[in-house]
Each structure stands twice: as structure tokens, then as C-alpha cells.
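These are my notebook entries on one structure. I record what I looked up, entry by entry.

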Amino acid sequence: MDLDDACFAGAADQADLLRAGELSSRELVAATLRRVERHDRDLNAYRLVFVERALEEAAQADERRAHGEDAPLLGVPIAVKEDLAIAGLPTTTGTYAVDRTEPFDSEVVRRLRAAGAVIVGRTRMPELGLWPYTESASAGATRNPWSLAHTPGGSSGGSASAVCAGLAGAAIGTDGAGSIRIPAASSGVFGLKPQRGRVSLHPNGELWTGMVVAGPLSRHVRDWALVADQIRGSLPSDPVAAIPPRMSFVEAAATPPGRLRVAVSLKPWVAGVRIDPRVRAAVAATVELLRELGHEVIERDPTLLDPTTQLALAPRYLSSAAEAAAGLDRPHVLERRTRQVAALGRAVPRWLVTRSRRFGQRFSQAANDVFTHADVLLTPTLTRPPIRVGEWQGRSTLATLLAANRYTAFLPQWNIAGNPAASLPAGFTPEGLPLAVQLVGRPHDECTLLSLSSQIEAARPWADLRPSGF
């Protein structure tokens with residue numbers, strides 16, 4: 001296999017190729033690093049690239065295999081977002097405000113290494129992960145491989161850009177209000193936010209009042225399943241644990257879903273939000289495909305307790321931003337917009353955050369009522385195609401927050417509820433920008449989402465397409 005083709009094969013096929021002896025980890029990792037050197041000057045997907053260490057780990061993987069050892073990700077190049085701790089480095093969370101280094105790897109990174117993965121680098125995010133785009137005054141803009149004039153989304157924008165451009169076999173992101181699904185949708189890759197408590201965030205415990213989860217972004221559904229199987233599972237110290245899946249994620253991705261009842265909703269949780277006609281058309285095309293595949297599709301909106309839904313999110317989001325900023329070594333170096341969001345968070349009284357969390361429990365019960373009538377919920381992922389780099393830079397902080405709220409109006413509710421939710425590629429605009437749809441599952445039921453997503457991928461093989469020039 002051509003090495004560039006191998007770089008685009010995705011983590012699962014790469015693992016198969018390495019196991020079959022069709023290429024070595026050293027060859028694959030070196031090819032990945034060459035692609036990073038060639039293309040990341042345009043994309044800015046990586047904050048750090050571990051060239052020497054990655055090549056050394058690849059050589060060790062080859063030696064282990066030569067001695068008869070195996071592991072699920074042995075020798076596969078994986079990238080991780082810069083909010084996940086790596087021993088000996090500061091956990092920068094998109095800023096230049098952290099000096100202290102970490103004594104240990106995060107549990108996610110530890111499990112990746114235990115599965116044999118080669119960590120090739122850390123991917124970029126916006127400051128504190130606040131925005132649905134990956135840009136900052138200090139780091140510049142991370143760009144979308146499908147169009148360098150557009151964002152790959154955020155906050156896991158570097159992870160999505162790297163996977164889309166063949167600069168990693170898969171990448172890890174985090175999602176507190178859509179931050180896996182937004183970049184997956186913007187970059188034309190697969191991203192599934194796991195159930196709350198599915199993946200340990202140790203040593204952090206609870207992040208952003210329990211809204212943040214970690215999970216992969218990948219080219220194929222099977223890639224996501226393979227990587228997620230290696231990192232899933234809670235620790236006794238974790239504040240919440242997900243119910244174990246009924247089968248491995250790899251098995252779920254390979255299992256036909258059977259006939260499902262799919263509820264489709266075009267009702268955002270933010271009143272008055274306009275959905276771009278191209279997004280509506282992508283949802284309609286997916287509905288038609290689902291019916292062709294034998295599923296029953298019904299129109300049904302989840303109950304979102306209007307008009308007070310923002311009470312479930314805004315106090316938690318803003319207060320968490322303030323706490324994150326206060327925990328930095330040098331918060332004064334944050335850019336003005338980040339400092340202003342933190343200031344808004346400091347003004348939120350603690351009683352309101354407590355009330356917001358309590359309301360979130362009611363919100364979750366109401367939102368999940370849709371699953372008494374359906375197995376899966378289908379919505380748009382974003383309300384419009386990807387935004388342009390710098391499109392919102394001239395706006396005030398409040399105007400940007402409101403614009404982000406409208407842009408992601410189908411996403412944060414499932415962080416509040418905790419349900420698994422996936423973004424699937426769903427074609428392109430006439431200008432060549434990715435479109436996507438969201439599938440939401442019952443609590444703790446990633447398996448149904450993976451089975452259905454694999455079936456859709458087989459009918460609509462999105463990973464066969466590559467951005468021009470990459």
C-alpha cells in the first residue's frame with residue numbers, strides 16, 4: 001500500500017496492516033510525521049509534534065511485534081488534544097498561561113499507551129475550549145482541510161483537522177457543549193460524544209460541572225470503536241460511571257442494527273434559530289436513506305422545557321470558564337474575549353449554579369422522553385455549514401456567545417442530559433464544505449449509534465473522499 005494511502009486508512013485498517021506485516025510502525029509513523037511537516041504549516045492542527053519520541057516508540061512497537069507481542073493499537077499513530085495531561089508537559093488547554101508540568105499521563109493517554117498507540121502529538125484548541133472554532137490571538141487559526149478559509153470547528157478543531165488531512169490514524173477530543181461533534185461536522189469526519197462517565201477523565205475527575213467527556217474523532221466508525229474500546233471504563237475515584245455496554249464497541253460497529261424507529265427533529269433548543277436550507281436538505285437526504293435501509297422514521301421533537309432551557313447551561317458554562325481561568329498559572333495572558341467570559345462567570349452566584357445543575361436533572365428526564373417513542377433521534381449537527389476563519393472576530397464577547405449558541409443549537413442539551421451523540425458526514429455544500437447530521441442515542445447506548453452509523457457509512461462511504469491537496 002502507498003504510504004499516503006496508509007495514512008488515510010484510519011486507525012483500524014492501520015492496525016490490521018501492521019498486524020499483517022504489510023508495513024512497519026516505523027514506516028507508518030515516519031510517513032505520518034512527514035505529512036505533518038508538509039501540511040501542518042497550512043493547517044496549524046498540532047501544538048506539539050513528538051518527532052523523536054514517536055519514532056522511538058514506533059521502533060519499539062516493531063520490536064515487540066517481532067517478538068510475537070500484539071496489542072489492539074500497537075504501532076498506530078494517535079494524536080491527543082492539548083487538554084489531556086501528558087507527563088512532563090503543561091496541560092495548556094489552548095493557552096500560553098500554564099507553566100507547571102504534569103507528573104503523570106491522564107488516564108486516557110495511559111490507556112492509549114497500554115494499547116500500544118504511538119502518541120505523535122498534541123492538537124490545538126481555542127483558549128479554555130470556549131468556542132466552536134479553533135482560533136486565538138496567540139496561536140493563530142487552525143484551518144479546515146476542505147477549505148483553508150474555513151474553520152475545522154472547535155474546541156477539538158486540531159484533532160478533527162489532523163484526522164481529516166491524514167495526519168493521524170485517529171485523535172482524541174473532548175466535548176463539553178459539542179466540542180467533538182462540532183469539529184467532526186465541520187471537517188467531514190466521524191465523532192461520537194460518549195455517555196457521561198464512559199471514559200475516565202482522571203486525574204481531573206469532574207470537568208465543567210460534569211458536562212465534559214472525552215472520546216475519539218476518526219475517519220471510519222470502526223476506527224472510533226477500536227480506539228474507544230481501549231480508553232473506556234471508569235475508575236473508583238471517578239464521580240460517575242456509565243453502565244457497561246452490552247458488547248464491545250468494535251462488535252457493535254460490525255453488527256447490523258436491525259429495524260429501528262428513528263425520530264427526526266428540526267427543532268433547536270434555542271428559540272428563533274434559522275436552519276440553513278443546505279442543512280435541512282442533508283437531514284432530508286438522511287431520512288430518505290434511513291427509509292431505504294428499512295428503518296421507520298417519525299417526526300418527533302424532544303421536550304426541552306422551553307423557555308427556560310438556558311438555565312440548564314449558561315450558569316454552568318460561564319462559572320466553569322471562570323474556574324478554569326482561575327486555575328491557570330498566568331491568567332492575565334489570556335486574550336481579552338476569554339477574560340471577559342471568565343468575568344461573566346465570576347458574576348454567577350453559586351446558588352444559581354447549584355440550581356442550574358438541579359434543573360439539568362429535570363431537563364434530562366424531559367429530553368429523554370423522546371426515547372419512549374424511538375430508538376434513535378436524528379437532528380442536524382450544526383445549524384449552518386462551517387464558518388469562515390475570523391468570521392466572528394469583530395463581534396463583542398456577548399454577541400459571539402449568542403452566535404455560538406445559535407450555531408450549535410442541537411448540541412449542548414445532550415451534554416446536560418449525558419446521552420451519547422454522534423456527528424456523521426452527510427455530504428457537501430455546492431461550494432465543497434462538509435455537512436453533517438447528529439444521531440442521539442438512549443442513555444448508555446453507544447452500541448446502537450455505532451451499528452446504525454456503520455450501516456449509513458456503508459451506504460454513504462464518506463471516508464473514501466479526501467480534501468484536495470492532501
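**Entry 1: helix 5 and helix 8**

I looked up the crossing of helix 5 and helix 8 and found it right-handed; a crossing has this hand if the near helix is turned clockwise from the far one by less than a right angle, and is left-handed if anticlockwise. Helices here are DSSP runs (H or I, at least four residues), strands likewise (E, at least two), numbered from the N terminus. I noted that this is a predicted model, in which local features need pLDDT of at least 70 and side-chain atom pairs count only at pLDDT 80 or more, while totals for chains, interfaces and linings use all residues. Residues are numbered from 1 along each chain as its sequence is written, and side-chain values use heavy atoms, with hydrogens and water left out.

Axes are lines fitted to C-alpha atoms, for helices over the stretch in contact, and angles run from 0 to 180 degrees between N-to-C directions.

I then listed the contacts (heavy atoms within 4.5 Å). Val108, Arg111 and Leu112 of helix 5 meet Val227, Gln230 and Ile231 of helix 8.

Is helix 5 enclosed or open? I found 6 of its 8 residues buried, so helix 5 is largely enclosed by the rest of the structure. Buried means under 20% relative accessible area, exposed over 50%, and partly exposed in between (1.4 Å probe, protein chains only). The buried residues are Glu107, Val108, Val109, Arg111, Leu112 and Arg113. Their cover includes helix 4 (51–66), strand 2 (77–81) and strand 3 (118–123). Just after helix 5, Gly116 has a positive phi of about 95°.

**Entry 2: the cores**

I next looked up the largest nonpolar core, which has 81 residues; Ile78, Leu112 and Ile172 touch the most other members. Such a core is a set of buried Ala, Val, Leu, Ile, Met, Phe, Trp, Tyr and Cys residues joined through side-chain atoms within 4.5 Å. Helix 2 (residues 11–20) gives the most to this core, with 5 residues. A second, separate core of 37 residues includes Val262, Leu424, Leu439 and Cys447. Leaving out residues up to four places away in sequence, the contacts of Ile78 include Ala11, Leu112, Ile172 and Val227.

**Entry 3: helix 3 and helix 4**

The axes of helix 3 (residues 25–43) and helix 4 come within 8 Å and cross at roughly 160°. That makes helix 3 roughly antiparallel to helix 4. Their crossing is right-handed. Among the residues that meet are Val29 and Leu33 in helix 3, and Leu55 and Ala58 in helix 4.

**Entry 4: backbone features**

Most residues other than glycine have a negative phi, and most peptide bonds are trans. I found a cis peptide bond between Gly154 and Ser155, with omega about 5°, and a cis bond between His202 and Pro203, with omega about 15°.

I also noted that Leu128 has a positive phi near 60°. Leu128 lies in the loop between strand 3 and strand 4 (135–136) and counts as buried, at 7% relative accessibility. His444 has a positive phi near 70°, and at 24% relative accessibility His444 counts as partly exposed.

Key: Parallel < 35°, antiparallel > 145°, perpendicular 65-115°, else oblique.
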